[in-house]
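Biologist: I am new to this structure. Please pick one part, look at it closely, and then lead me through what surrounds it.

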Number of protein chains: 2
Amino acid sequence: MTNTPSPMPQWNQATIVGVGLIGGSIGLAMRARGLAKSIVGVGRNEASLADALNVGAIDRAATDIADGVKEADLVIICSPVDKIVHLVQEVDRHCPSGTIVTDAGSTKEAITTALQDGLTNARFVGGHPLAGGAKAGPKHADACLYVGRTVVLTPTEQTDQAAAAAVEDLWTALGATVVCMQPHEHDEALAFTSHLPHWAAAAVAATTPEQWLPLTATGWYDTTRIAAGDAALWRQIFTSNRGHVLKALDKFEKVLAALREALETEDDAKLEKLLNDGKNRRDAVGN
Amino acid sequence: MTNTPSPMPQWNQATIVGVGLIGGSIGLAMRARGLAKSIVGVGRNEASLADALNVGAIDRAATDIADGVKEADLVIICSPVDKIVHLVQEVDRHCPSGTIVTDAGSTKEAITTALQDGLTNARFVGGHPLAGGAKAGPKHADACLYVGRTVVLTPTEQTDQAAAAAVEDLWTALGATVVCMQPHEHDEALAFTSHLPHWAAAAVAATTPEQWLPLTATGWYDTTRIAAGDAALWRQIFTSNRGHVLKALDKFEKVLAALREALETEDDAKLEKLLNDGKNRRDAVGN
């Protein structure tokens, strides 16, 4: 951590709805930097709330959303994507006027469109931290999870500019680099950089006959690692970004077809070139 | 390492042809366990040979294969797959009668078939250690690379049984678990457990538009990690196992088509079930 605690907390009460790895890490990171006078965690799972309290990610737990947000000037929704719209609307009904509400959802277009009009109290700014970890839950929360990571914000013409700037400041204070994009542009990009890898990992794992699993090694482990993610959560991510995922799959299938044709026709030069295309992209990103 | 050095080296002279990560690690592991009186490294790249000497993977370097194997009672070929048959034949011309020759090639059927008849001095046993690492070259050699890993040996009816037993003892002494399979069975299994993951990783990386590479995160990194491997080496692995790789691709494409159909038809239950199929296979392997 490079940030020292602020002399004056920026927020009076920050409420995190959904205190898993993502929400719990936001809580820990905000507390470590003294960004809020108090941090409230809202959730339905009492064991998770207890874990979040134990690790110090939140100061107070609430199972009732109205209770959790009634004094909040910042609310961060860290729930599965298909719950976000409903939760923001619920927050809007109970929060003070002007409360800034943001989220950490993996897709942005459907959420931003649904929340474009009709909010009374909340000023909503769509967000997506490109961070995660192999282990879920608040027990694995990490005050440094966002240091050096990219966070995408998706303010639109309808978004309150001061709210967007405040959310940008929040993530910057947590050590992240903020990138602003249009919601549809975010979803198009993430279809390639996040959803396609998960799709391919799940397909490789599902294709491997059980009898040969004992002969897997590093390559299989790495390529399929993210296929261990929660199937229901990922199903929601794919369906909430159906159009862009299908377009990414079109491109993926074209690349697979070109690779296959090169192998079938014994066009070694072509096959090597296509493998090098992948290597060059991989090398460009680095470890 | 659980093995202590043998009181009596089992081998008089072990020669490793190709001293990269795999060959260098065999050398380090054999020396650490006192398994050979001397270990000779053979290669064409003098810098690699110097590195192998520097890290202590070999006692002596030779650029001439005849010189390197003329007194060897064990030869291990750790070269790219398309060089192995030729190198074993070359070793056969210059090694003492009865010398045991094995390899570390990623595919086994073509090699074993080509070497079934016609060897004069060498007793060949096909082998494949399911181990590797992110960084290539003898500088990254590791005396413990094979501890806890699986090594497949592919002795056939034509293979000298004593030679197969000696190669099995060698890998066991290096800490590995040895599994014996028919060469075609090995190649069928590895098409799924090693070649398909590499194929998918390369395709995902090649599909990702360059403009979105800055938005990649953990999922993309993990899934595409192995796509950074040497394209020429992997092209050889795929072409040397063309038939089995194409059959694995048939199955992969069926799984992809089922996933796609579930997404297109909004069959959420089916999509979640398919994602769970992948998750279950992944969870069964662990880590």
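Modeller: Start with how the elements are named: helices (H or I, at least four residues) and strands (E, at least two) are DSSP runs, numbered from the N terminus. This is a predicted model, in which local features need pLDDT of at least 70 and side-chain atom pairs count only at pLDDT 80 or more, while totals for chains, interfaces and linings use all residues. Residues are numbered from 1 along each chain as its sequence is written, chains are lettered from A and ligands numbered from 1 in the order in which they are written, and side-chain values use heavy atoms, with hydrogens and water left out.

The part to look at is a loop. In chain A, it runs between α10 and α11 (268-285), and E266(A) sits in it. The phi angle of E266(A) is near 55 degrees. That is a positive value, and the residue is not a glycine. Is E266(A) buried or exposed? Here the cut-offs matter: buried means under 20% relative accessible area, exposed over 50%, and partly exposed in between (1.4 Å probe, protein chains only). With a relative accessibility of 52%, E266(A) counts as exposed.

Now look at chain B. E266(B) has its place in the loop between α10 and α11 of chain B. Its phi is near 55 degrees, again positive in a residue other than glycine. E266(B) is exposed, at 52% relative accessible area.

Helix α10 of chain B holds L256(B). This residue is buried, with a relative accessible area of 4%. What does L256(B) touch? Contact means heavy atoms within 4.5 Å. Not counting residues up to four places away in sequence, L256(B) touches W199(A), A203(A), F252(A) and L256(A). Within chain B, L256(B) and L274(B) are 18 residues apart in sequence. Their C-alpha atoms are 9.7 Å apart in space.

Helix α10 turns up again around α9 (residues 231-239) of chain A. This helix is mostly covered, with 7 of its 9 residues buried. Among them are W234(A), R235(A) and F238(A). What do the buried residues of α9(A) pack against? In chain A, they pack against α7 (183-207) and α10 (242-264). In chain B, they pack against α10 (242-264) and α11 (268-285).

S106(A) is found in the loop between β5 (100-103) and α5 (109-114) of chain A. S106(A) is buried, at 18% relative accessible area.

Two strands pair if DSSP finds at least two bridges between them. Strand β4 (residues 74-77) of chain A runs parallel to β5(A), joined by 4 bridges. In β5(A), T102(A) is the bridge partner of I76(A).

T15(B) has V40(B) as its bridge partner in β2(B). Of the 7 residues of β2 (residues 36-42) of chain B, 5 are buried, so the strand is largely enclosed by the rest of the structure.

Helix α7 (residues 183-207) of chain B contains D187(B). It is buried, with 1% relative accessible area. Leaving out neighbours within four places, its contacts are T107(B), K108(B), E109(B), A110(B), N241(B) and H244(B). From D187(B) to A36(B), the C-alpha distance is 31 Å.

Last, step back to chain A as a whole. It has 11 helices and 9 strands. Its radius of gyration is 21 Å, close to the 19 Å that the globule rule gives for 287 residues, so it is as compact as a globular protein of that length. That radius is taken over C-alpha atoms, and the rule is 2.2 Å times the number of residues to the power 0.38. Buried residues make up 56% of the chain.
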